[in-house]
Amino acid sequence: MGTALLIARHDLRRRLRDRTAIVTAFIAPLVMASIVGFAFGRTSGGGYLRIAIADEDRTAASSGAIDNVIASAGLGKVFVLARVPTEAAARAQFTSGTAGAAVVVHRGFSGLFTGQVQGTPVLVEAITSDRRTYAQQVAQSVVRGLYGVVSSNALAVRTAFTTVTVTPSQVEAVGAAARAQPPPMRIVDDGIEPRKSLLGYFGPAMAIVFLFLGIGAGARSLLGERDTGTLARLKAAPIGMGRVVAGKVGAVLALAMLSIVVVWVATTVAFGAYWGPALAVLALSAATVLAFGGIALFLTVSSKTPAQSDATMAIVAFVLALLGGNFFPPGSLPPLLQRLALATPNGWALQGFGNLALDKGGFHDILPALVVLLVIGAVIGAAALTRLRSLVEMS
Amino acid sequence: MTGTGEPVLVCRDLRKQYGDRTAVNGVGFEIAAGECYGLLGPNGAGKTTTISMLCGLLHRDGGEVLVDGRPVHEGATDAKAAIGYVPQDIALYDELTAADNLTFFGRLYGLEGAHLKARIEFALSVVGLADRGDDRVGSYSGGMKRRANIAAGLLHDPKLLVLDEPTVGVDPQSRHAILETVAGFGREGMAVLYTTHYMEEAERLCDRVGVIDEGRLVAEGTRRELVAQVGGRDRVRVSMSGSASELAARLRTSEGIEQVEVHEGGIELLATEGRRVLRTVVDAADVLGVEVDGIEVVQLDLEAVFLHLTGKALRD
C-alpha cells in the first residue's frame, strides 16, 4: 500500500507540474462554469429566465393570487416572476426578449373566486413562443398556479358555506383567508439566489466535461511511460505490478477528484454558488470520478496510439456532454433528449447535482445517481484495469 | 576485470515465443561477481528480450533465472532487489531533476533518509553528475541523460547491474565516460551484464562475451576463446626495406608461426598468438641483418568472429 501511495504521490506531483493538466483540471472548468453560470444568471436579472406578469384585474383577489404564486414560484430557483404595471408592458418585454414569456391576468379574474363569471372568457393569458419552449412551459405552469389558487379558494368557500346562508362580506373574508394559503404547486423558498443555484449546477456540469478530458490525459501519460521506458524501470523494481497499477490509476482519480473539489470550493467562495450539502456533493463527485475514470481509462487503454486516444476521448467527451445536457439549463431539453440523457453517466451525475443545487435535495435524493455511477465505474473500470494490467505486463 | 566466486547470475534454457516467432531459444549463461559479461548481437537478435526475462520484466515461456541464488520472476521482489536495471531508453522523468528522479526510484527500492541521500550523491558522482543533480533531466544533453540513467540503476548498490545498450546515440566523449564508469563497476566486485551491438565496446569492457543471433547463443567465451573457436589466427605484418624472402624462409620453421607470405615491402605471418612471435621475428631479422621498419599485429576481432558464426555483420 505504501508503494502504491508513493507512486500515486509521485505521479500527482508530476501532473501538477504540467501546465496542460492545470488548465484542463482547474482553470478551464472554472472559467467555463463562471461564463455559463453568469450568462444564464444575468439574462433576467436574478434568475436565468424572466417571466413578466401584469395584473389588469387590479383587485385584492388577483393581487393576492399573483403574490401567492410569486412567493411560491417554485420552480423558483430557475426563473423569476416579475410584476409589470400593464399588459402592454408585459407584451413589450416579451417582444424585446427581456422576458422569456409574459402572463396577463385580465379584468374579471376575481370573479372566479365568487362564481360570478359568465361563460368561459380568457381571464389569464400566457404570451409565449414555440421557439422558447422552456419559457413556454414555465409560463403555462404559472397560469396553472394561478388557477390552482382559484380552485383551492373556491373549494374553501364551498366547504365553509355549503349548509348555511351567508353574506357577501363573509364570502370575501373566507376567500381572503383561502387565498393566503399556498397553491398546490408550492415549493418552499430557501432563500438561495437563483444565480447561485445555477452556478451550483453549471459548476459540476463543466467540471465533468473537463474531468473526462483530464482523466484521459492522465491515463494517456501512464501509457506514455511505457514508451519512454520509465514503466520498465518500475517493473524492474522490487514491487508488485498491482501496486504500480494502483498507484498510477489512484493518481489519475485523485487529480480528477481534486479538480471537482477545487471548482466546487472556488465557485462557492468566489461566486457564492450553492452545490448542495457537503457530504452529498463529495459522494456524488467521487461516484462521478469513478464512473468517468473507468470510461476514460477503458477508452485510453483500448486505443492503439496516443493520437487515436486523443481523438476518441475528445469525440466521446463532447458527444456525452451534448447528450447528457452539460451545456444546457436543467429541464430545457426536449422530453426525448431528457430521457436520452439518462443513458449517459454525465446525465445521471447532472441529475444528481441538479437535485442537490436546484431542488435543494439531500443525500437520499441522489441515491439513484450514486448507484448508477458506481455500477458504471465498477463494470467499465474493472474491464479497463484488466486491459491496463495486461498492457503493463506485456510492455 | 575478472569474475570470482559463486555466480551472481545463472540463467538456463531461456525461451520466449511471440506467436509463431521465437524471440529467445534456449539461451543460458552465468556471470560471477566482478565479471563483466557482454551479450553481443545485432539489433533484433534477442538481447533485450533476454535481459527483460532476466530482470523479471517479461514472463518467460521456459527456462530458469537465479540472481544471487534467488529465482527471478515478475513478482520476485527479493531477487529484483539485487538487480540494477539500466534500460535502453532514458527511463527518467524529464520534468524532474536528476536528484528527484533518483529519490523516487531509490524509495521504490526501500531506501530512505540519510542513506538514500548518500546513495544519490554517490551515484551522481560515479557518473560525473554530482554538480548537476539539481538540474532538470530535460535540460541535460543526450550523454548526460545516459549517465543519469545509469545512476538510477546503481542507486541501491545491486549485485548484478544489467545495462541494455547504454551508449546508443551518444557522442564519443560521453561514450568513453560511460565505458570508464562501467569498467569501474567490475573492479568494485559487481557482476555486470552488458548488451551491445558495438564490437569494440564488448572487446574493451567484457571479460567474457556471449554471441547471440536470432534468439540463440551461438558462442560464448573470452575474446581469445571465441577466436579460437572459429579457428582464427592473428596476422603479423612486417615491413622492411631489405630482402624479405630470406627472413620468410627462416620464420616458416619457427614455433607458433603457421604461414608466411612475402609481399612487396615486407612479409605477412599467420600466427596462433601474434604478440608471442614478435620476439622471434625481431631476433631472426637481427641474425639475417634485415632492417625492419615496422611490425603490426592484427588480431581477429569479434566482428570477424560474429561474421564467421552467423554469416552476417554485427550492424546488420
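In chain B of this predicted model, six strands make an open sheet in the order β6-β7-β8-β3-β9-β10, and the pairing is mixed. Because β6 (83-86) and β10 (216-221) of chain B are the edge strands, each with a single partner strand, one side of each has no neighbour in the sheet. On average, neighbouring strands of this sheet are turned by 15 degrees against each other, direction ignored. Helices (H or I, at least four residues) and strands (E, at least two) are DSSP runs numbered from the N terminus, and two strands pair if DSSP finds at least two bridges between them. Axes are lines fitted to C-alpha atoms, for helices over the stretch in contact, and angles run from 0 to 180 degrees between N-to-C directions.

Residues are numbered from 1 along each chain as its sequence is written, while chains are lettered from A and ligands numbered from 1 in the order in which they are written. As the model is predicted, local features need pLDDT of at least 70 and side-chain atom pairs count only at pLDDT 80 or more, whereas totals for chains, interfaces and linings use all residues.

Helix α6 (residues 172-187) of chain B lies across β3 (36-40), β7 and β8 of chain B, and runs at about 150 degrees to β8(B). Helix α11 (residues 302-310) of chain B also packs on the sheet, where it touches β3, β9 (208-213) and β10 of chain B. The direction of α11(B) makes about 40 degrees with that of β9(B).

Chain B also holds a hairpin formed by β4(B) and β5(B), with two residues between the strands. Strand β4 (residues 62-67) and strand β5 (residues 70-71) of chain B are antiparallel and pair over two bridges. B:V67 has B:R70 in β5(B) as its bridge partner, and B:D68 in the turn has a positive phi of about 55 degrees.

Chain A has an open sheet of four strands in the order β2-β1-β3-β4, with mixed pairing. Its edges are β2 (80-84) and β4 (124-127) of chain A; each has a single partner strand, so one side of each is left without a neighbour in the sheet. The twist from one strand to the next averages 20 degrees. Strand β1 (residues 50-55) of chain A runs parallel to β2(A) and is joined to it by five bridges, with A:I53 opposite A:R83 in β2(A).

The table gives chain totals. A residue is buried if 20 or more other C-beta atoms lie within 10 Å of its own, exposed if 12 or fewer, and partly exposed in between, with C-beta atoms placed from the backbone.

| Chain | Secondary structure | Buried residues |
|---|---|---|
| Chain A | 15 helices and four strands | 50% of 395 residues |
| Chain B | eleven helices and 14 strands | 46% of 316 residues |

Two residues are in contact if their C-beta atoms, placed from the backbone, lie within 7 Å. Of the contacts in chain A between residues at least 6 apart in sequence, 80% join residues at least 24 apart. In chain B, residues 24 or more positions apart account for 69% of the contacts with a separation of 6 or more.

Where does B:G256 lie? The residue is in the loop between α9 (245-251) and β12 (257-263) of chain B. B:G256 is partly exposed, with 14 other C-beta atoms within 10 Å. Leaving aside residues up to four places away in sequence, B:G256 touches B:A271, B:T272, B:E273, B:R276 and B:V277. B:T280 is 24 residues from B:G256 in sequence, and their C-alpha atoms are 9.5 Å apart.
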